[in-house]
Each structure stands twice: as structure tokens, then as C-alpha cells.
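Here are my notes on the model. Please read them with the coordinates open.

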Amino acid sequence: MNIADKTILITGANRGIGQALVTEALARGAGRVYAGSRGPLAHPDARVTPVTLDVTDAAQVQAAARGIAALDILVNNAGIALYDDLSDRTALDRQLAVNLFGPYAVTQAFLPLLTVAHGAIVNNLSLNAFAPMPVIPAYSVSKAAAFSLTQSLRALLAGRGVRVHAVLTGPTDTDMTRGYDIPKVSALSVARAIFDGVEREEEDIFPDPLSATVADSWRNGATKALERQLAATAAA
């Protein structure tokens with residue numbers, strides 16, 4: 001998979017990692033980048049097409065799918081993180097809506113195009129899919145569920161020639177992590193590492209120094225081996 005000349009849709013493209021992914025896709029020679037966002041978005045590069053896309057709005061998802069004729073790579077990047085303590089079901093529902101059911105809906109809408117292209121789905125998740133952060137437990141729950149969704153899609157779509165990547169992102173310098181006084185990496189460095197992983201066809205992408213510390217143990221561990229073993233039953 002090479003980013004050059006590809007058609008890419010990136011959700012949550014108006015800021016943070018999403019904005020950096022648009023910049024990096026263009027730098028790698030993408031032919032067309034559809035930049036999804038809930039509000040107005042303008043970009044000076046003619047290769048960028050803004051798309052009004054709230055991933056929780058079924059009508060907007062379907063409208064976006066009707067407006068895009070071909071797609072090679074879908075990057076499910078849109079997400080939210082809210083402080084909570086699991087005492088409020090509303091906070092959990094809201095984060096599941098964006099972080100789990102949003103990527104599910106967008107993936108289903110664009111799956112026909114991705115199947116034709118033998119393309120790729122890239123789900124930007126979090127290290128909190130592996131281990132929860134106590135101050136954002138509902139977010140962690142939603143990302144763990146989205147990781148399981150990613151693994152399931154990977155097994156189910158392999159026979160259709162669609163690759164599915166999980167991005168296990170660590171602390172990144174974005175609006176989402178503004179309240180955390182911890183070491184963070186730049187959004188652009190994460191975007192570069194994500195596309196590096198896609199071009200290398202890595203199933204699980206660890207795009208920053210913190211996430212990289214668990215990469216080898218995950219890829220060579222018993223849990224990943226079990227994932228591969230169970231995935232093989234889909235092709236049996």
C-alpha cells in the first residue's frame with residue numbers, strides 16, 4: 001500500500017491528528033483527500049475536498065458515501081474523550097456513539113468502495129484500549145470496544161482484500177490531551193508514523209515512543225497469537 005495517488009477519507013480532519021493526517025497524506029502525494037468534519041473546513045490545496053461528516057449522524061454518513069465515487073483508504077480518526085467516573089451513563093453513551101458506533105457506521109457505508117479498491121481501513125484508537133486511564137474510563141471502554149471491532153473487521157474482511165489497521169496511539173499534543181501534564185509527541189509525528197505503518201501493511205501500528213514500548217510484546221505475545229488463530233477460522 002502506497003499513499004501516492006490514493007484517494008483517502010479522514011474523519012475528524014479539522015484539528016489534531018486528523019488535520020496532521022491530511023497534511024501528511026498530501027506530502028506523500030495522495031491524489032484526493034476527503035476531509036471530514038462536523039463544521040466548515042477550508043484547505044488551500046485543491047486535492048482536499050471538505051466533507052460535512054458527523055460520524056454519529058446517519059444522514060450525513062450516507063450523504064458522504066453518495067458523494068464519493070471511489071476510495072482507497074478510510075481513516076476513522078474522529079473521537080472524543082470526556083472526564084468521568086462511570087457514574088453517568090450519558091457520558092458512556094456519548095463516547096460509545098462517537099468512538100465505537102461512529103467508525104462502525106462510516107466503515108459500513110464505505111465498505112463497497114473499499115472492497116472494489118482492495119483498500120484499507122485505519123482505525124485510530126488509543127493505548128487505553130489495552131489499559132484504562134482512571135480519569136477517562138468511559139473513553140477507555142469505548143476504545144477497547146473499538147479495538148475489538150477492528151480485530152473482528154480484520155478477520156471478516158481479509159477474504160475480500162481489505163486490510164484493517166489498528167492505531168494504538170499514546171499521548172499526543174492535541175486539544176484532547178490539553179489537560180494532561182505528561183510528555184506528548186506532536187500530531188504530525190504520529191500522522192507520519194501512521195502512514196508509515198499503513199505503507200508497511202502493519203496490522204497494529206504503534207506511532208509514538210510510549211506505544212512503541214509495548215509493540216514487541218503485543219505482536220509476539222499470546223493474545224496476538226490467539227487473534228491470528230481465531231481469525232484463521234473465518235477463512236476455513
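1. From helix 3 come Ala 91, Leu 92, Gln 95, Leu 96, Asn 99, Leu 100, Tyr 104, Thr 107, Gln 108 and Leu 111. They meet Ala 138, Tyr 139, Val 141, Ser 142, Lys 143, Ala 145, Ala 146, Leu 149, Leu 153 and Leu 157 of helix 4. By class, this contact has 14 nonpolar, 5 polar and 1 charged residues. Contact means heavy atoms within 4.5 Å. Ala, Val, Leu, Ile, Met, Phe, Trp, Tyr, Cys and Pro count as nonpolar, Asp, Glu, Lys and Arg as charged, and the others, Gly among them, as polar.

2. A word on the basis. This is a predicted model, in which local features need pLDDT of at least 70 and side-chain atom pairs count only at pLDDT 80 or more, while totals for chains, interfaces and linings use all residues. Residues are numbered from 1 along each chain as its sequence is written, and side-chain values use heavy atoms, with hydrogens and water left out. Helices (H or I, at least four residues) and strands (E, at least two) are DSSP runs, numbered from the N terminus.

3. Now the geometry of that pair. The axes of helix 3 and helix 4 are 8 Å apart, and the packing angle is about 20°. The two helices are therefore roughly parallel to each other. The cut-offs: under 35 degrees is roughly parallel, over 145 roughly antiparallel, 65 to 115 roughly perpendicular, and the rest oblique. Axes are lines fitted to C-alpha atoms, for helices over the stretch in contact, and angles run from 0 to 180 degrees between N-to-C directions. Helix 3 passes helix 4 in a right-handed crossing. Right-handed means that the near helix is turned clockwise from the far one by less than a right angle; anticlockwise is left-handed.

4. Helix 3 also packs against helix 2 (residues 58-67). Their axes come within 9 Å and cross at roughly 30°. Helix 2 and helix 3 are therefore roughly parallel to each other. The crossing of helix 2 over helix 3 is right-handed. Val 61, Gln 62, Ala 64 and Ala 65 of helix 2 make the contact with Ala 105, Val 106, Ala 109 and Phe 110 of helix 3. The residues divide into 7 nonpolar, 1 polar and no charged.

5. How do helix 1 (residues 16-27) and helix 5 (residues 187-199) cross? Their axes come within 8 Å, at an angle of roughly 60°. That makes helix 1 oblique to helix 5. Helix 1 passes helix 5 in a right-handed crossing. Among the residues that meet are Ile 17, Leu 21 and Glu 24 in helix 1 and Leu 188, Arg 192 and Phe 195 in helix 5. This contact has 10 nonpolar, 2 polar and 2 charged residues.

6. Lys 224 lies in helix 8 (residues 222-231) and counts as buried, at 1% relative accessibility. Buried means under 20% relative accessible area, exposed over 50%, and partly exposed in between (1.4 Å probe, protein chains only). The Lys 224 side chain makes polar contacts with the side chains of Asp 204 (2.7 Å) and Glu 227 (3.1 Å). A polar contact is a pair of N or O atoms within 3.5 Å; within protein, one must be able to donate a hydrogen and the other to accept it, and residues adjacent in sequence count only if both atoms are side-chain atoms. Lys 224 and Asp 204 are 20 residues apart in sequence and 10.0 Å apart, C-alpha to C-alpha.

7. Arg 154 belongs with this group. The residue is in helix 4 (residues 137-157) and is buried at 8% relative accessibility. Its side chain has a polar contact of 2.7 Å with that of Glu 227. Beyond four places in sequence, Arg 154 touches residues including Glu 203, Asp 204 and Lys 224.

8. Thr 11 sits in the loop between strand 1 (7-10) and helix 1. Thr 11 is buried, with a relative accessible area of 1%. A polar atom of its side chain lies 2.8 Å from the backbone nitrogen of Asn 77.

9. Asp 5, not a glycine, has a positive phi of about 70°. Asp 5 counts as exposed, at 65% relative accessibility. His 118 has a positive phi near 50° and is partly exposed, at 47%.
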